Structure formats: structure tokens, C-alpha cells
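Reader: I'm new to this one. Could you walk me through how to read its features, step by step?

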Amino acid sequence: MEIKRRERRPVGKNSGTKSITSVFFRYICFYTAGALFWLFIIFAVYFMFGAAGEILPANHMEVQLNASVGDIRKAPEVTEDMLPRGCTFGVYEYDGTLIYGTFSPEEAVRAWEHYEEDNIYGRWKRYYLFFVLDTKEICIVRYEIATRFRNAYLSEFFPNPDILAILSFVVLFLIHTVLVSRHYGRYMGKRISVLNEVTAKIRNQNLEFGKERSEIKEVDEVLDSLHQMKEALRDSLYRQWNLEKSKEEQIAALAHDIKTPLTVIRGNAELMAEGELSEDERGFNRDILQSASVIAEYLMILNEILLERGGEGETQEYDCREIINLLKERARILAKARHFEILFCETDLHEERKILCNEGQITRAFENILNNAIDYTPADGKVEIRAETAEKGASKYLAVIVTDEGPGFTKEGLERAAEQFYQGDRSRSNKNHYGIGLYTAERFVKTQGGYLSIKNTETRGAEVSLYILFF
């Protein structure tokens, strides 16, 4: 269990706790106040432009047109500069024939129809004015009732002031909505993120942290519940850890203490075997020695399990050659001790590569694999060890391949050989094996970033490969 002690300054420690309702109410007030503020700004700008005379009133065109009708009637010809800016016109014969003007063909027809119907109302706030010129011709002028900019440039490239004010408010309102929403979204996100931090710590079993705080009342209530759960979980894990540690220490001490009487029993039995004993007594003595050997094997297995549960240990950096020499020496010692032929060869090694590993665990993993290979190989057979460089994806490994000449694995054995206490592979069964050798080897090599490969050779025997990661 990871133990980290780090003081965290509670979020919002110096500010009052708020409910989600109050936060939301504050958001609504700020949002509404901002909208009203932009509305006021637009109204103030509109008012200042109007007071400065830069915005003409809606009936400005109509008033100016009525004032100039007398001059237009007397003119020998109507021109565009006689009319207010923005007006269009057409001069007609009495039969409706367009003589000249600025109307488009479609608008000329529509304007004459309005004249015949005596209808001054056009489309989109447009109106018509009809009057007879001194030349006995009929003049029709189309104008608008809408505010306008006095400046010709503004009037040409921008909509009328009323529409521009509405569009400006809509754009500012949308920008205001986005900014305020993002601000309060980040505000709430930071407060709620405390929940994610706490749950992540609990998930990773990092339970040594103080009570977290946010500015939100409802979030603090959830944090209080999580804190209580964390305290209960921590106490439970500590009790379990202490109990398991105590059991392991007692078992290790008991296994060590058993060695003393076992040594006495074996020593006395061996001394008795050197004396003169009857046939029955020799049988009894032989049974004692065999039973003592079995007890010694049980103790070795028990120590193996305790060591396997003891953690990963420290890792160090080694040259590839150092690891190869270490494994070669272990193979030589085992071959000599067990009077067995072991062949060790090397191919395509990158000796300049480095390996970060735990020497003890790698050595034990290799010895477990090699002992299994020796146990299952006939007395006249041999075990071959091959060290080479291998690749898998983007990673490179030192591959230590152990091949025996035994009966090989069954189909079930290939799938389950590395399971703890698995002994179901009858073709390779041995009463002195308890199903922890390959399991321990695989676990140790995985902690170094490598993996174990188990398969049968094409001819005969099994092949177990230890892949140690280069870095």
C-alpha cells in the first residue's frame, strides 16, 4: 500500500461554503446583469449618435421629400440629386409608359400599379408619393420610413441604426453567454475535480491524506462521506496487512526452527545407517531418511512461497555480458551438483545493451526453469541453454532459451504450466514438484518488464524461454 503524506491547502478555506442553489442564483444574477449592461451600452451609444445628429429620424426622408415637391414640379426634368438620398423615382406618361427614372423594370410596373390603385404603401416600410409635374407628366417617388445614418459611408456599408443596434446586442449577448458559462463551468469544475482526486487516491490505495474541502456545500458532504470511507478502508487494510505480516513472520520462524530438529533426526539416522542394523532396522532407518528429505523439500517450498510474496526488491543496471556470465555460472554449478550435461551457447548478442533488473529474482527464475528441465530429462539426455537477442514490437529482449529432452508438455500443460500449484500435466509429473517453479519464474521476470514463453520443440522435449527487457 502506497503511503504518501502531503498537506493540501483546502480549496476555499478562507471563503464561506455555498450551496449549489446559491452558486446557480449568483450565476443567473451575473448573467442577467451582464445582459442588461450591454443593452444599456448599446442604448447609450445609440442615444449619443442621435443627439449628435448622426442618426436621422425615421420620417426624415418623407419630410425632406415633401419640402422639395414644389421645386421638383417646376423643374424641366427630374434628377436623382433633387431627391433625398436613398429615394428612387420614375416619370411616366398618362398611359403608364415610363419615360425615365431610376426604377428597375419590375419596380416601374409595380409603382404604376400602386398609382392606379392610389395605394401609397409598398413593401418593407417603403412608401410611394405621386404628383403631377408642370410638364403634365406623372412622377412617382419611392421612399422609406426608417432611421438612417447621416454619414454616406455608414449608410452604404451598414444596415440602418435600428437593425444594427439589434444585431450588436445579439452578438454581444452571445459572447457574454459563452464567457459567463465558461467562467462558471471552470469554477464548478475546479470544485468538483476534488472528488476525482480523492476517488483516484482511494483507488490507488494512497490513503494518507487529510480531509479535502471545496466551496460547495453538497460537494463537501460527499467529500466527508469519502473521507469516512477512506478512514475505514485504511484501518481495514492496515489490520489485514499487519495480520498477514505477522502470519508470514510466524511461518518463517517456524520453518527455520523446524530445520534444527530435522537436522538432528537426519544426522542420527545417517549415523545409525553406518552401524550394524538388522534388515528391518535398516528399512525403518531408510524410511526415516526419506521422510526427512520430504520434510526438507516442504520447507524449501514454504520458503519459496514466502520469498515470492516478499515483493519485487531493488533493481540495478547491468551489462548484458554480466547477466550472461551470471546465468552461465549458475548453470555450471547446477550441472556439476546434479551430474548432468548442460550445453550453453550464445548467438547474436548485443553486449553493449543495458538491463535494469533484480539479480536475485532473475537468477531464481532461471534456476527454477533449469531445474525443471533437468528433472524431466532422462539420465542419458542433455539440456541446452541458448542466449540470444530477440525483438517483440518496438522492444528488444535478452532471450534465455532452455530446451530439454523430456516428454514435453501436454496441451493443457502448455496453457496452465505457469499457474501456481498446477500439477495436472501427467506427462511431466513428478512427485517432488508442487507447481510453483514456473509460476515463480514468470512472476519474477514480469516484474523486470519481460515475459515467459512455454512451448514444445518440433522433435521432442519442452522449450521454456526467459525474455529480459533491454532499456
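**Reading rings, cysteines and strands**

Author: Let's start with a charge and a ring: lysine 392 lies over the face of tyrosine 451, 4.4 Å from the ring centre. Keep in mind that this is a predicted model.

Reader: Which residue lies over the face of tyrosine 187?

Author: That's arginine 26, at 5.4 Å from the ring centre.

Reader: And rings with rings? How many aromatic pairs does a search of the whole structure find?

Author: The general idea goes like this: you describe two aromatic rings by how far apart their centres are and by the angle of their planes. Here, the search finds 19 aromatic pairs. Take tryptophan 112 and tyrosine 115: their centres are 4.9 Å apart and their planes are at 35 degrees, a tilted pair. Both sit in helix 3 (residues 105-116), three residues apart, or about one turn of the helix.

Reader: Is tryptophan 112 buried or exposed?

Author: Tryptophan 112 has a relative accessible area of 9%, so it counts as buried. Tyrosine 115 comes out at 26%, which makes it partly exposed.

Reader: Why is the pair of tyrosine 184 and tyrosine 187 edge-to-face?

Author: Because their planes are at 65 degrees, with the ring centres 6.4 Å apart; the label needs an angle over 60. These two tyrosines are also three residues apart, about one helical turn, in helix 5 (residues 161-203).

Reader: Now the cysteines. How many disulfides does the structure hold?

Author: In general, a disulfide is a covalent bond joining the sulfur atoms of two cysteines. This structure holds zero disulfides. As for individual cysteines, cysteine 29 is partly exposed at 37% relative accessibility, while cysteine 320 is buried at 0%.

Reader: Last one: how do I read a strand?

Author: In a regular strand, side chains alternate between the two faces of the sheet. Look at strand 2 (residues 88-92), where five of five residues are buried. Thr88, Gly90 and Tyr92 are on one side, Phe89 and Val91 on the other, and both faces are covered.

Reader: Which strands does strand 2 pair with?

Author: Strand 5 (residues 138-144) pairs with strand 2 in the antiparallel sense over five bridges, with isoleucine 138 as the bridge partner of tyrosine 92. Strand 3 (residues 98-101) is also antiparallel to strand 2, over three bridges, and there glycine 101 is the bridge partner of glycine 90. The hairpin of strands 2 and 3 has five residues between the strands, and glycine 96 takes a positive phi near 95 degrees there.

Notes: Residues are numbered from 1 along each chain as its sequence is written. This is a predicted model: local features need pLDDT of at least 70, side-chain atom pairs count only at pLDDT 80 or more; totals for chains, interfaces and linings use all residues. Side-chain values use heavy atoms; hydrogens and water are left out. Rings of Phe, Tyr and Trp (its six-membered ring) pair if their centres lie within 6.5 Å; planes under 30 degrees apart count as stacked, over 60 as edge-to-face and the rest as tilted. Helices (H or I, at least four residues) and strands (E, at least two) are DSSP runs, numbered from the N terminus. Buried means under 20% relative accessible area, exposed over 50%, partly exposed in between (1.4 Å probe, protein chains only). A charge sits over a ring if NZ of Lys or CZ of Arg is within 6 Å of the ring centre and within 35 degrees of the ring normal. A disulfide is a pair of cysteine sulfur atoms within 2.5 Å. Two strands pair if DSSP finds at least two bridges between them.
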